[in-house]
Amino acid sequence: MSYRAVSARTQYSDSDPEDIELDGPIHRPRKRPRHPIMRFVCFLKDTALMIPVLLVLSIVAMDVYTMLLVSIPAKYHTSPFTSTIFGILFSIDIFLLVWSYLKCVFTSSKVADNPPPAAIVQAISLPRCAKCNEYKPDRAHHCSMCGTCVLKMDHHCPWVANCVGYYNHKYFVLFLFYTVVGSYIYVINEIPTIYGIMMGKRGRNRDLAVDVWGQAVPETITLLSGILTFSFALALTFFSSFHIWMVFKNTTTLEVGERVTKLAENQMISHKLSNKHP
Ligand SMILES: [Zn+2]
Ligand SMILES: [Zn+2]
């Protein structure tokens with residue numbers, strides 16, 4: 001049973017809600033600035049944090065446009081079977097990619113949003129964070145960007161405008177996986193088009209293709225989209241492999257970093273000792 005399920009069950013059936021309300025600061029309502037100017041500043045900050053999210057969705061939209069509305073319809077006349085297969089695979093992948101991405105953006109792993117079960121709070125003395133005073137269970141870490149503690153924190157990701165932790169790490173890994181798969185489908189399908197642009201057609205005909213509405217598509221959009229997607233495919237292959245490896249090892253980026261730091265410190269100490277006593 002998940003941490004949230006235990007929390008919900010204990011809150012609403014096993015114990016008196018009043019006890020939970022009085023138990024600690026994590027059950028208090030969120031502090032929101034009262035002054036209108038401060039509220040406006042908070043609104044601006046929240047909006048600015050969503051800019052990378054809009055950028056990611058724009059790149060996805062550009063890939064969908066160049067692949068499904070330009071490239072696939074153009075190739076359908078010469079190779080209907082291959083282009084249909086590519087179109088179906090890419091459409092399914094993009095749907096799953098956007099779904100997992102939005103779930104990652106809007107799912108919170110913060111302790112404040114996922115309070116510990118009342119039974120645990122009453123039974124044992126949970127440690128608290130010295131910075132935000134929230135409960136700090138095992139594997140929770142304080143995020144300086146969010147200003148609060150996050151359950152099984154992996155890292156703070158500006159590209160999802162959120163902390164990746166216990167409740168959204170699965171969506172983050174799925175998003176990486178679908179991005180890599182989608183990028184390779186796109187690159188394999190677009191290789192002949194991009195090769196054609198770069199090897200001779202460039203300059204003679206600025207509008208190499210038309211979309212399903214008959215609008216001319218500048219080659220710069222196809223080139224930009226292809227180069228960006230190819231870069232993502234390469235970079236995210238290694239990044240997603242690392243995250244899938246961590247899933248199998250039940251560890252996080254922070255924990256791997258801590259282990260590497262500890263190992264380096266131990267090696268330094270043993271090196272100093274061996275120099276003192278040769
Ligand atoms: Zn904290
Ligand atoms: Zn964070």
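What follows is a chat about the labels and the values behind them.

Visitor: What kind of model is this, and how many helices and strands does the chain have?
Guide: This is a predicted model. The chain has 9 helices and 6 strands. Of its 278 residues, 26% count as buried.

Visitor: What share of the contacts comes from residues 24 or more positions apart?
Guide: Taking contacts with a separation of 6 or more, 64% are between residues 24 or more positions apart.

Visitor: Why is α4 called roughly antiparallel to α5?
Guide: Helix α4 (residues 51-76) and helix α5 (residues 80-106) pack at an angle of about 170°, with axes 10 Å apart. Angles over 145 degrees count as roughly antiparallel, so α4 gets that label relative to α5.

Visitor: Which residues make that contact, and how do they divide by type?
Guide: From α4 the list includes Val53, Val56, Val60, Val64 and Met67. From α5 it includes Phe86, Phe90, Ile94, Leu97 and Tyr101. The contact residues of the pair divide into 16 nonpolar, 3 polar and 1 charged. As background, nonpolar side chains in soluble globular proteins tend to be buried together.

Visitor: Where does Thr179 lie, and what does it touch?
Guide: Thr179 is in helix α7 (residues 169-201). Leaving out residues up to four places away in sequence, Thr179 touches Leu97, Phe232 and Leu236. Phe232 is 53 residues from Thr179 along the chain, yet their C-alpha atoms are separated by 8.1 Å.

Visitor: What makes up the largest nonpolar core?
Guide: That core has 31 residues, and those with the most contacts inside it are Cys104, Val150, Phe172 and Phe175. At least two residues each come from α4, α5, β2 (148-150), β4 (162-164) and α7. The largest share, 8 residues, is from α7. Both domain 1 (1-49 + 113-150) and domain 2 (52-109 + 152-278) give this core at least three residues.

Visitor: What does Phe172 touch?
Guide: Setting aside residues up to four places away in sequence, Phe172 touches Cys104, Val160 and Val164.

Visitor: And Cys157: what makes it partly exposed?
Guide: Cys157 has 16 other C-beta atoms within 10 Å. Buried needs 20 or more and exposed 12 or fewer, so Cys157 falls in between and is partly exposed. Cys157 lies in strand β3 and touches Asn162 and Val164, again not counting residues up to four places away in sequence. Its C-alpha atom is 9.8 Å from that of Phe172, 15 residues apart along the chain.

Visitor: Why does Val210 count as partly exposed?
Guide: Same cut-offs: 20 or more for buried, 12 or fewer for exposed. Val210 has 14 C-beta neighbours inside 10 Å, so partly exposed is the label. Val210 lies in strand β5 (residues 207-210). Beyond four places in sequence, Val210 touches Gln215, Ala216 and Val217. Val210 and Thr66 are 144 residues apart in sequence, but 9.8 Å apart in space, C-alpha to C-alpha.

Visitor: What about the phi of Lys152?
Guide: Lys152 is another residue other than glycine with a positive value, near 40°. Lys152 is in the loop between β2 and β3 (155-157).

Visitor: How do you know whether those two are buried or partly exposed?
Guide: By their neighbours inside 10 Å. Lys152 has 21 C-beta neighbours there, against a cut-off of 20 or more, so Lys152 counts as buried.

Key. Residues are numbered from 1 along each chain as its sequence is written. Chains are lettered from A and ligands numbered from 1 in the order in which they are written. This is a predicted model: local features need pLDDT of at least 70, side-chain atom pairs count only at pLDDT 80 or more; totals for chains, interfaces and linings use all residues. Axes are lines fitted to C-alpha atoms, for helices over the stretch in contact, and angles run from 0 to 180 degrees between N-to-C directions. Helices (H or I, at least four residues) and strands (E, at least two) are DSSP runs, numbered from the N terminus. Angles under 35 degrees count as roughly parallel, over 145 as roughly antiparallel, 65 to 115 as roughly perpendicular and the rest as oblique. Two residues are in contact if their C-beta atoms, placed from the backbone, lie within 7 Å. Ala, Val, Leu, Ile, Met, Phe, Trp, Tyr, Cys and Pro count as nonpolar, Asp, Glu, Lys and Arg as charged, and the others, Gly among them, as polar. A nonpolar core is a set of buried Ala, Val, Leu, Ile, Met, Phe, Trp, Tyr and Cys residues joined through C-beta atoms within 7 Å. Domain bounds come from an automatic or database domain assignment.
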